[in-house]
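The text below follows some of them through the structure.

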Amino acid sequence: MWEKKPILLMLMATAAILVGTTITMILPFVWVNTEADRIEGVTPYTPLEQEGRDIYMREGCNNCHTQTVRPLVAEVLRYGDYSKSGEFVYDRPFLWGSKRTGPDLARLGGKYPDAWHYQHMETPRSIFPKTNMPAYGWLSNNALKPDKVRRKMQVLGFPHSETQIAELASKNEMDAIIAYLQKLGNDIPWRQTARTEIVGELRNPFAGADQATLAAWQPLFQSNCSACHGNAMQGGIGPALVGDDYDEDILFRLIYDGIPEQGMPSFANLGTERVWQLVNLIKYDRSPGN
Amino acid sequence: MGKPQYHTDIVKSFVNWSLVWGVVAVLVGVIVSFQMINPDLNYPPYLTFGRLRPIHTNAGIYGWGVGTIFAMFIYMVQRLCKTPLWSLGLARFQLWLFNATIIAAAVTLLLGYNTTLEYHEMEWPIDLMIVVLWVAFSINIIMTIIKRKEEQMYISLWYMMAALIGVAILFTVNALAVPVSAFKSYSIFAGTNSANVQWWFGHNAVAMALTAPPLAMFYYFLPKSTGVPIYSHRLSIIAFWSLIFMYLWTGAHHLLWTPIPDWIQTLAMAFSIMLIAPSWGSVINGYMSMKGQWHQMRDNYLVKFLILGITFYGLQTLQGPMQAIRSFSAFIHYTDWVPGHIHMGTMGWVSLVSVAGIYFLLPRIYGREVYSIPLANLHFWLVVIGQLIWSTSMWIAGVLQAGMWNAMNADGSLTYTFTETMVEMYPYWWIRAIGGVIYLIGILVFIYNVYMTVQKGKEPAPKLLEVEGRA
């Protein structure tokens, strides 16, 4: 019967399509982005951050970077606390992405100092020698347009002051995208919560390692530390490393916990063994240049 | 009773333009595959991976995919309804608007006007053009069906009508946004809602644009090519209704383990598994229709394209549900496995069936035999081998990468930094790029064959017209 009546067939097809649509797409509006998943501390983007977000979208960063950490062991270890619905209520649209050619960025905010980001965007290979991340230094040449940003903030209904808008005149697109990246995942104090307490006495398991052993750990330093502290620990974005400045256990804590407020990331996810290797390398390596 | 005068010029035009956009899509795909190997191949601001990749996907889906749908639907609807197209003028307007839309989409995406919603990256003015385009197309097809001279509507017509409605609903809802300026808007959906709406769209765009229309083509061109009817009408009824009912529940399998409510993820997972049944309903219907006709795999190159196409559809609809299982998704999601999956669907299933349709049309719209069957066979092998290299390299790469992402040391720390895992991908990205180049060569052979058919093809053998007469 329906095979002979096109209008009937189309009505039936519409009904078939609308069942799943109603239940899995429309119904969730009742719960999602309501008081139920609101998180205190999650704030709208400032004009500079929102403009940075729009640049992130314009350049299609979402094609290679995701922005959602799944509640899986390896993922939380690598990126940080898993993502919560309430953290995304100001995102129009969402930028969770679907492919990690580069790493997830949901918890990037506050991980590195601004200087790291400027250098990384300018010449990604100066930090990760074999990365396929394209260089984005050219963003620094583009000034922001305060009037356009004001209009965006009005449409989004985000709070903003004229001072904030006026300040945009002296900023460029690179400043904006880095301000945005530094906000990502940083509205909740997950780093403090995730911090593991070191209990008991710290004992160097590699005490007395010879120079050959230390040299074998150099690649570890090069892939995790040299971008900021220089290939020969001479300093750069971060300070020069002089082994005699700290005792072994202090040095261990500095690397393991980081100094987030000064831009030094925590390297707890390297595991205690490799952190100890770095401690020994920094403190006792006497190879040329150190 | 004389044969109705079908409009074929408009079909020719849609075929030609969809081929143009198809080549653009594959060419840009090859370019971005090399950009992934060497970042120095990015030329900012316009020619970067981030701006070109949406052009690759959208040229593929809207230029090649939808362009072919336009050509094939207009061809099929006239024959299945035994009546000329309702309005030739409307179809000509649609052709003009189609090309204007694709060009506008490509230019605005190059300029960075990007909503970031996958397969829906175009900003709101382009969305409006697409809506007008689709409405014009739908009216023409539906009116032709209403005015038909054949009472019974064949299976292909069901899939065509479902696709018209489905795409209209999906595209419109996901497009809802508040404009800020001529080429910038903000979605009315935020955060988790935005994600859920996008993948309800994204996954079902695959259903309504890249599954239902190729199935409409498959159900039409397979019996036309073999001269034997579809095996089971009842099976096609069950497969059709269960397919369009179940698909819409599954979008959230793109969002497993994200902050989307758990119950939506579970429903998506369950319905994805259930979808194997209607998908394989069509696969089995296709295979069974070959009963006693398998020798045509050797004798008839059209059948080879169609049967390989439906086979890739069958593999795709097994691999897809597997990926929709939480535990499997936890492992392979976000890796290179996923592009391996989608390219089996687009390069294997959709494109093989679409080119079979074009080969079938050529003698009937140009009145000439296909220029070279050996070249058609060469085309077949190049695209199949190119695609298998492409997908297989990405599946291996994805498993390797997922393994490295998850590898842990005895002290509970991760074994590899992200960069260490990425560097391991380079050899596979090379192999993938080579697969893409082979595929591109296959497409160029195809286009040469089409061009030569139009220029120099011989008069058709009477046998072809005889098969046509069975409609």
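A residue is called buried when its relative accessible area is under 20%. By that cut-off R107(A) is buried, because its relative accessible area is 3%. The model in which this value was computed is a predicted one.

The partner of R107(A) is E87(A): their side chains form a salt bridge with an N to O distance of 2.7 Å.

Side chains of opposite charge can pair when their charged atoms come close. Another case in chain A joins two helices. R58(A) and E173(A) form a salt bridge, their closest N and O atoms being 2.7 Å apart. Since R58(A) belongs to helix α2 and E173(A) to helix α7 (residues 173–183), this pair ties together parts of chain A that are 115 residues apart in sequence. R58(A) and E173(A) are both buried.

K152(A) forms a salt bridge with D54(A), and here the closest N and O atoms are 2.9 Å apart. D54(A) sits in helix α2 (residues 47–58) and K152(A) in helix α5 (residues 146–156), so that distant parts of the chain, 98 residues apart, are linked. K152(A) and D54(A) are each buried.

This pair also belongs to a network of salt bridges, which links E51(A), D54(A), K152(A) and K184(B). Over all chains, the count of salt bridges comes to 23.

Note on methods:
Residues numbered from 1 in each chain as written. Chains lettered and ligands numbered in written order. Predicted model: local features only at pLDDT ≥ 70, side-chain atom pairs only at ≥ 80, totals over all residues. Heavy atoms only, no water. Salt bridge = Lys/Arg side-chain N within 4 Å of Asp/Glu carboxyl O. Helix = DSSP H or I, 4+ residues; strand = E, 2+ residues; numbered from the N terminus. Buried < 20%, exposed > 50% of the residue type's maximum accessible area, 1.4 Å probe, protein only.
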